[in-house]
Amino acid sequence: MINPFEDFKKYPYKKREIPLDRIVQAKQRVMDQIVEGYMKLVEQEVKDLVWLVENSRVFKAYSFALRTIQELDYDVDDIEELCFEIDKGRRIPYLISGPAGIYVSALCNNAKEERIRLRLHELKRTFHFLGYRLPEGKTLVLEGDVGDFIGAGLSGGKLIVKGSTRNWAGAGMMNGELFISEHTGQNTGGWMSGGEIHVDGRIRGVAKTILGGRIYHRGKLIVPHSTTARE
Amino acid sequence: MERKENRYDPLLKEVWARVRKKHFFPELPHPTISESMDRVALEIKSKHITLSQSFMEEAARHLPMDKVIEALLDHGVTHYTFCPWDFHTHLTLYQEAKKVLGDKQMAQKSTDYFMDVVADTHCFKEKDTPISDLYRHMDRGVLDEAIHALYQRIWGEDLNVSGHEDISRRLSRIPYLDRKPWPESIHRFSKIIQGLLETEEKSGTLNQPNTMGQNDFGRYSSDEMDQGLKEFAMSTGDPGEFKEVVKDLEDELKEAGYPSHGGMGLGPGSPLDADILFYMKLAESYSLPIKKTPIEKSGSLYPDSHSPWELGKPFRDIDPWTSFGKIMPGITQIWERREGETFGEEEGTPNCIVVIDSSGSMINPRQHLSHAVLGAACASDAYLRNDATVAVYNFSHARSGDRQVLDYTRSRMKIYQTICHYFGGGTKLDIKDIESLQQPSRPDIFIITDMQITNLEDLVGYINGLENRVTAVHIGDNTHVRQFRRSMELRKNISIYSVQKKEDIPKIVLGKIREYFRSVS
């Protein structure tokens, strides 16, 4: 009787380990850790049913996020992937725009790379607080429209938005540069004390309280109105 | 016509045997070599792989000819054995790429490259293949360069490519060998190579085929396409999404010989109407059972069981064998007789009149998944499968002319065209239209509506007087539905089903009746 599997006896089987296996596994491991950190932050922040935007509250969340990610070895691709994961909502069941943006900002500020580019064009949800406390020496490029409080508390870094921001762009920024290629919403530059905001599109409204710094609209200085007024 | 002998045929034969063994003997015909093909390395039509002689000879300047042939065959065979694997997967990948790129040509190119990366990487990992040796010396366009830079990174082999660091790094994070997230993977893949595709578009090279050949639909058989479209209709569940993909690929489908001529297909020469095709394929996935014409009472009685004889019961039924020879109440047994059953003269499946409501309160089947159209399509298919013919009455405000009457036919295309027609007006049917379709053989009647019919009482009255088997399906629930149900409660030849979601459709049993025998009427 003929063994139907006879031909397979000399089968030249060769399965090799390829770098893809390692890359995908490592990526998965890092993503799991990043997602876990985000979930911890959300768990903490969600205890209060309403997430209030208060300086102390935001800073507390940011500090928590920084502590969570301190030991992680990630890169800019992981940050971008996290944004997609949060947006899809499959692994991460809920998005609270504030904490999500703060967490992403903490990742950017703590990343090894000095220049970070996040392609956010196709995200369905909007992230707030991106570029929060971006430190000196870092450049963050956000491609696509983003939410409120973009560049809030900017601390010397360079934040470039290739798209529009909503309200309170550059709120409370202390130093650094915020470039917005399209439009910005109301209260632009609210409570800012230093640095520069450049808007190429329409500014719906400049904040009433601006403590320092400069706002340029299409290259023209609009805040302060004149040097004498500021001084 | 007999094919001209090629000087590489003996070598091809030898290598093919090796490749077949390596890939666990795939069911593929013997490949051939073409002297006239020069734009791409290989072509696959109806599972048949054709290699380009000019490409082979060019590549053989750097690599032994048997290795060139082996690499090309490995590439072609892995498209069958791993990715795309089937037509449904191919369509799904295209759909995802199109969502990102919004352009047919770009989406097709992205799909081609994605499938190449998956197939080549699988082959490189799982088999002993010279693919990397072939790629090391290949002429490349910009996109090929980026893809080969990716291979270099994920295979760990030097392919003689430099640059494309950013793109290849981002592409390398995609889990190509994991089938489950392929739709998501191609989404990211397309997003990453979008810039390069746009550059190709600007330079006018986008329409040039990939060096390793285009993954066109010619490789699939008509049956595979039928099955793939059926699965695709099921997985999208949305006529809009289905239509977008099928319309995009209409020319390619036709070129590949679809729709098929015959069977339950569209029929010869039929145009490819994506909406109709969607319901057609979806309906094929649901097979509704039809109760054949029921058994009739024969009228003759036969002894069935015993019971004690009582005074007043006829003597002729006494069974002396179980009565101990005595005529005595309580001891004497009589036969209980039951009526015998026999098959009626017209055993089989009657024809069917499909009555479908396409008024404004019903969903437009061309915009969203219409359970009414799907239900009617499933019912029609069921009757056609059972060799019956189907007539259709599609109505909205019938008296104002919003109606279509299709006489009995077995043309699936005509039936679907009538079923899929949407009037979107008021809801009033004309009983005369249904009556005109009645036949002496009492066809089954299948009605599907939300029951919000202005002259519902006319319909109720008409159905109450019918002897046909009636399957009434209502979409949703409302006072009219409840009124209809109440009015039909006593009728034994009418079955009523509710369809709230598409999963309810398979629960419908056509021509089901409750203790209803035609001989009684």
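Predicted model: local features only at pLDDT ≥ 70, side-chain atom pairs only at ≥ 80, totals over all residues.

1. For chain B, the domain assignment gives domain 1 (9-217), domain 2 (222-284), domain 3 (296-342) and domain 4 (352-507). The centres of domain 1 of chain B and domain 4 of chain B, taken over C-alpha atoms, are separated by 50 Å.

2. Chain A has five helices and seven strands, and along its sequence these follow the pattern α-α-α-α-β-β-β-β-β-β-β-α. Of the 231 residues in chain A, 37% are buried. Among the contacts in chain A with a separation of 6 or more, 38% are made by residues 24 or more positions apart.

3. In the contact between the two chains, 14 residues come from chain A and 19 residues from chain B. On the side of chain A that touches chain B, helix α1 (residues 19-45) of chain A supplies the largest share, with five residues. By class, that side of chain A has seven nonpolar and seven charged residues, and no polar ones.

4. The largest nonpolar core holds 133 residues, and the residues with the most contacts inside it are Tyr279(B), Val354(B), Ala376(B), Ala377(B), Ala379(B), Ile419(B) and Phe446(B). Helix α5 (residues 104-126) of chain B gives the largest share of this core, ten residues. A second, separate core has 51 residues, including Val42(A), Ile79(A), Ile150(A) and Leu178(A). As background, nonpolar side chains tend to be buried together in soluble globular proteins.

5. Which residues does Ala377(B) touch, not counting residues up to four places away in sequence? With that exclusion, Ala377(B) touches Tyr279(B), Met280(B), Ala283(B), Tyr416(B) and Ile419(B). Two of these partners, Tyr279(B) and Ile419(B), are themselves listed with Ala377(B) among the residues with the most contacts inside the largest nonpolar core.

6. Strand β7 (residues 390-395) of chain B is largely enclosed by the rest of the structure, because six of its six residues are buried. Val390(B), Val392(B) and Asn394(B) point one way from β7(B), whereas Ala391(B), Tyr393(B) and Phe395(B) point the other way, and all are buried. In a regular strand the side chains alternate between the two faces of the sheet.

7. Together with helix α14 (residues 371-385) of chain B, β6(B) and β7(B) make a right-handed β-α-β unit.

8. Not counting residues up to four places away in sequence, Leu118(A) touches Ile79(A), Glu80(A), Cys83(A), Leu142(A) and Glu143(A). Leu118(A) and Ile79(A) are 39 residues apart in sequence, yet their C-alpha atoms are 7.9 Å apart in space, and Ile79(A) is one of the residues in the second, separate core.

Note on methods:
Residues numbered from 1 in each chain as written. Chains lettered and ligands numbered in written order. Domains from an automatic or database assignment. Contact = placed C-beta atoms within 7 Å. Helix = DSSP H or I, 4+ residues; strand = E, 2+ residues; numbered from the N terminus. Nonpolar A, V, L, I, M, F, W, Y, C, P; charged D, E, K, R; others polar. Core = buried A, V, L, I, M, F, W, Y, C linked by C-beta atoms within 7 Å. Buried ≥ 20, exposed ≤ 12 C-beta atoms within 10 Å, placed from the backbone. Right-handed = clockwise from strand over helix to strand, strands pointing away.
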